[in-house]
Each structure stands twice: as C-alpha cells, then as structure tokens.
Amino acid sequence: MAGVMPMTESERIARLTTVLGDTGATVNDAFGICALHSDFSDEHIAKLAGWADLQFLVADSTRITDASVPLIMSFVRLTHLSIGGNKITSTALAACTLPIHISTLGLGGIPLNEDAVSTVLRCTEITALNVNYCQLPPDAIAKLARLPKLRTIEALGADSELETSRLLSERHPGVLFRLRDGLWQHGKCLRPPFPSEMA
C-alpha cells in the first residue's frame with residue numbers, strides 16, 4: 001500500500017489560503033500565518049489542526065478563544081507565536097504545554113496568574129517575550145527574566161519602580177527590558193517611558 005505523499009510548498013500555501021478565506025489573515029509561507037486584527041477564529045484553528053504544522057502564527061486581536069489553545073499547542077514545531085488581545089484566559093494557558101521550540105512569544109493583554117507564568121517558564125528557548133498589560137503577579141518579571149536565552153522582555157503595565165528596574169536589568173545584563181518606567185539594560189535607563197507606556 002503506497003504511503004501518502006507529503007504536500008509541496010505550493011500545495012500547503014493553497015490549502016492554508018483556502019482555510020483562511022476572507023478573514024483578512026494572510027499566508028506568510030507554507031508554515032506561517034499572519035492573522036493580526038482579522039476575523040481569524042476558533043473555527044479556522046480547528047480546520048488547521050492535524051495537518052498545518054505551523055512554525056509561525058501571529059493571531060493578536062482576532063476571534064480566537066480558550067477553545068483554540070490546545071489546538072494551537074498541537075503545532076509542535078511553532079517557533080513564533082503571538083496570541084495577545086484575545087479571549088484567552090490564564091486557566092487555558094496554565095493547562096497547556098507550550099511547544100518547546102518557541103523562541104518568540106506574545107501574550108499581551110492576557111491576564112497571567114502564577115500557573116500561567118509557570119507554563120511560560122518551561123519554554124527555555126524563548127528569546128523575545130511580550131507580556132504587556134498581563135496583570136502579572138508580583139515578582140513575575142524577575143522570574144521571567146531568568147529564562148536562559150531571553151534577550152528582550154516587554155512588560156508594560158506591570159508594577160515597576162526605578163530602583164527595582166535598575167536592579168533587575170543589572171542582574172540580567174543580556175536582557176533588554178521595556179517597562180512602565182522606561183527602556184532598561186545593564187542597570188541603566190536607555191530612555192524614559194513614552195506617555196503611552198506609563199499607564
């Protein structure tokens with residue numbers, strides 16, 4: 001019995017394009033989707049599960065909910081994932097296992113409790129992390145800053161004071177911190193915050 005032939009890149013792109021339809025999302029390549037500010041929804045994630053094998057998914061401010069979280073996590077080759085600004089909860093994130101290859105993770109606007117932060121901490125390949133306006137628990141930024149490959153973290157909206165930010169960036173000199181009180185690295189404030197960052 002002959003095996004099923006794998007799809008070519010052009011066949012994958014065509015199938016992804018068909019699934020996305022008129023949502024406003026676009027196909028980046030055979031393994032990547034940009035659905036930023038689109039009508040991309042749980043229904044589309046369900047149609048992608050089991051075959052799309054995505055490596056890149058940007059789906060901030062779409063119509064996905066907690067129902068999509070386990071299906072998104074089934075894309076085990078994901079390296080870039082951004083799902084902020086959606087109806088996703090800490091409970092869903094805490095119950096999942098993020099793909100181990102994720103290097104860029106965006107969760108902006110999703111409230112993260114201690115359990116959800118622990119889920120993120122298991123992703124030791126993360127180099128860039130966006131947790132802006134995530135209602136982070138106390139000390140969450142300090143914990144996340146210990147991710148071994150982290151190079152940038154954005155945590156606007158989190159409680160921060162000048163001395164805390166200075167010490168944090170001094171302890172983790174290889175990390176660039178974008179915080180409510182400015183942009184920090186090597187124990188120094190590289191620039192003060194913009195007015196929009198101080199909320």
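## Helix 1 and its packing

In this predicted model, the buried residues of helix 1 are R12, L16, V19 and L20. Viewed down the axis of helix 1, these residues fall within an arc of 95 degrees, so they line one face of the helix. On the face of helix 1 turned away from the buried side lie the exposed residues S10 and T18.

The buried residues of helix 1 pack against strand 1 (26–29), strand 2 (32–34) and helix 2 (42–48). Helix 1 comprises 12 residues (9–20), which at 1.5 Å a residue should span 16 Å; its end C-alpha atoms are 16 Å apart, in agreement with that expectation. Just after helix 1, G21 adopts a positive phi of about 50 degrees.

## The largest nonpolar core

The largest nonpolar core contains 55 residues, of which L48, L57, L81, I83, L112, L129 and L136 touch the most other members. At least two residues of this core are supplied by each of helix 1, helix 2, helix 3, helix 4 (90–94), helix 5 (114–121), helix 6 (140–144) and strand 8 (176–179).

L81 illustrates the contacts made by one of these residues. When its neighbours within four places in sequence are left aside, L81 is in contact with L57, I72, M73, L98, I102, T104, L105 and G106. Among these partners, L57 is itself listed with the core residues that touch the most other members.

## Helix 7

In helix 7 (residues 162–171), the buried residues include S165, L168 and S169. These residues cover an arc of only 90 degrees around the axis, which puts them on the same side of helix 7. The buried residues of helix 7 pack against helix 6, strand 8, strand 9 (182–185) and strand 10 (188–191).

Most residues other than glycine have a negative phi. H37 has a positive phi of about 50 degrees although it is not a glycine. H37 is located in the loop between strand 2 and helix 2, and it is exposed, with a relative accessible area of 61%.

S61, likewise not a glycine, has a positive phi of about 55 degrees. The position of S61 is in the loop between strand 3 (56–58) and helix 3 (69–72). With a relative accessible area of 30%, S61 is partly exposed.

Technical notes:
Residues are numbered from 1 along each chain as its sequence is written. This is a predicted model: local features need pLDDT of at least 70, side-chain atom pairs count only at pLDDT 80 or more; totals for chains, interfaces and linings use all residues. Side-chain values use heavy atoms; hydrogens and water are left out. Helices (H or I, at least four residues) and strands (E, at least two) are DSSP runs, numbered from the N terminus. The expected span of a helix is 1.5 Å times one less than its number of residues. Buried means under 20% relative accessible area, exposed over 50%, partly exposed in between (1.4 Å probe, protein chains only). The arc is that of the directions from the helix axis to the C-beta atoms. Contact means heavy atoms within 4.5 Å. A nonpolar core is a set of buried Ala, Val, Leu, Ile, Met, Phe, Trp, Tyr and Cys residues joined through side-chain atoms within 4.5 Å.
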